[in-house]
Amino acid sequence: MARPLDSAKTVCEMHKRHHNLSILVVSLFCLSFLLIRPTLSVYAQPPPPSQVTARGIQLYKQGDASGAIKLLKEVVKKQPNDAYAWYYLGLAFYSQGFIAQARPGFQRVIELWPDSADAHSKLAYALILANEPEKAMALAQRAIELGDQSPEAHYAIAEAILKSPANTLRPGQLALAVDEAETALRINPNFAPALITKSFALFNLKRYSEAATSLEGWLGTRSDDIDAGIWREQLEYLRAKAESRTTSPPGSEPPVFSGAMVTQKAQILSKPEPSYTEAARMAGVVGTVVLRGVLASDGEVKNLVVIQNLGYGLTTRAVQAARQIKFVPALKDNKPVSMYIQIEYNFNLF
């Protein structure tokens, strides 16, 4: 029969062997991690660019985007795993406004170089233009996690929020959109699209004076832009809203009714479709412009306000088309009256 002291020794030896085994297991795990880690590092950081790729990069940095595009397109045909060639090919297209053509390059970069923050950010911007807000949001958030220092990621988050259905937007989300647009502008004060986004977020929050100030900032730097005329009109509307008055003096125009208040709604006779601008086509812009206006009793379309916009001149094209709408005015008590209307134009590339 074993003595108590012998039993205690046995237990201690068992614990010692178990402890030693645990140390061995942990040591083997750490060794395996060290052996695997260099492989992961090599995967995360692509190999140095080839001599031909380096020449393409040099052309891009010297401002010869066309030359860089021509050379780097040949490189990626022969070397489809050259992450640097894909990245600078995307940047060259991007710098020339060919955002749609830049998109495949940034997608390929992310496949080959998953830790490229700027590729995530630039692709997020391209997806916003392509009306894919959910994908853009995910890429933008990942870009920020990776340490992105460019304005596109924050702008993409703000725009993705605004592209949510209007009936789902909450004040907290709109406030976040304002914050993200402001962050984009802190990174790059000349990133003009963020000023438009900020203005619309503030407009939805009914902070009209601040919305007007943001739009003024955009007009101060982009007075010759194709959309400048439309935004000047929008600015006047925002100033009027901020002062709690209509855009016309009281009594100068007949009252405007909602569709539910008239005896017979206005009848649309023709609604011309807007055309694409070349800049929007190059950028791959897709989406919807939403306008609110008045089908006036005199047969004219008046007081158009932009509720949802697209860049690259498409908002202007939408407003121009809306002004050409032909209609029979609404009736109330057998008299022509003015009626509010919401107009939507969908832009799709085929």
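**Exercise 1. Describe the largest cavity of this predicted model by its volume and its lining.**

Solution. The largest cavity has a volume of about 40 Å³, where a cavity is a set of points on a 1 Å grid over the protein atoms alone at which a 1.4 Å probe fits but cannot get out, and a volume is the space filled by probe spheres set on the points, which are joined across faces, edges and corners. Next, list the lining, meaning residues with an atom within 4 Å of a point: Ile230, Glu233, Gln234, Leu304, Val305, Val306, Val319 and Arg323. Then assign elements, which are DSSP runs numbered from the N terminus (helices H or I, at least four residues; strands E, at least two): helix H12 (228–242) and strand E4 (301–308) each supply at least two lining residues.

The model is predicted, so local features need pLDDT of at least 70 and side-chain atom pairs pLDDT 80 or more, while totals for chains, interfaces and linings use all residues. Residues are numbered from 1 along each chain as its sequence is written, and side-chain values use heavy atoms, without hydrogens and water.

**Exercise 2. Determine how helix H10 (residues 193–204) is covered, and by what.**

Solution. Begin with burial (under 20% relative accessible area, 1.4 Å probe, protein chains only): ten of the twelve residues of H10 are buried, including Ile196 and Phe200. Then look for contacts (heavy atoms within 4.5 Å): the buried residues of H10 pack against helices H8, H9, H11 and H12 and strands E3 and E4. Finally, take one partner, Trp231, which touches Ile196 and Phe200, among others.

Terms used. 1 Å grid on protein atoms, 1.4 Å probe; cavity = no way out; pocket = protein on both sides within 12 Å on 5 of 7 lines; lining within 4 Å. Buried < 20%, exposed > 50% of the residue type's maximum accessible area, 1.4 Å probe, protein only. Lists of a residue's contacts leave out its neighbours within four places in sequence.
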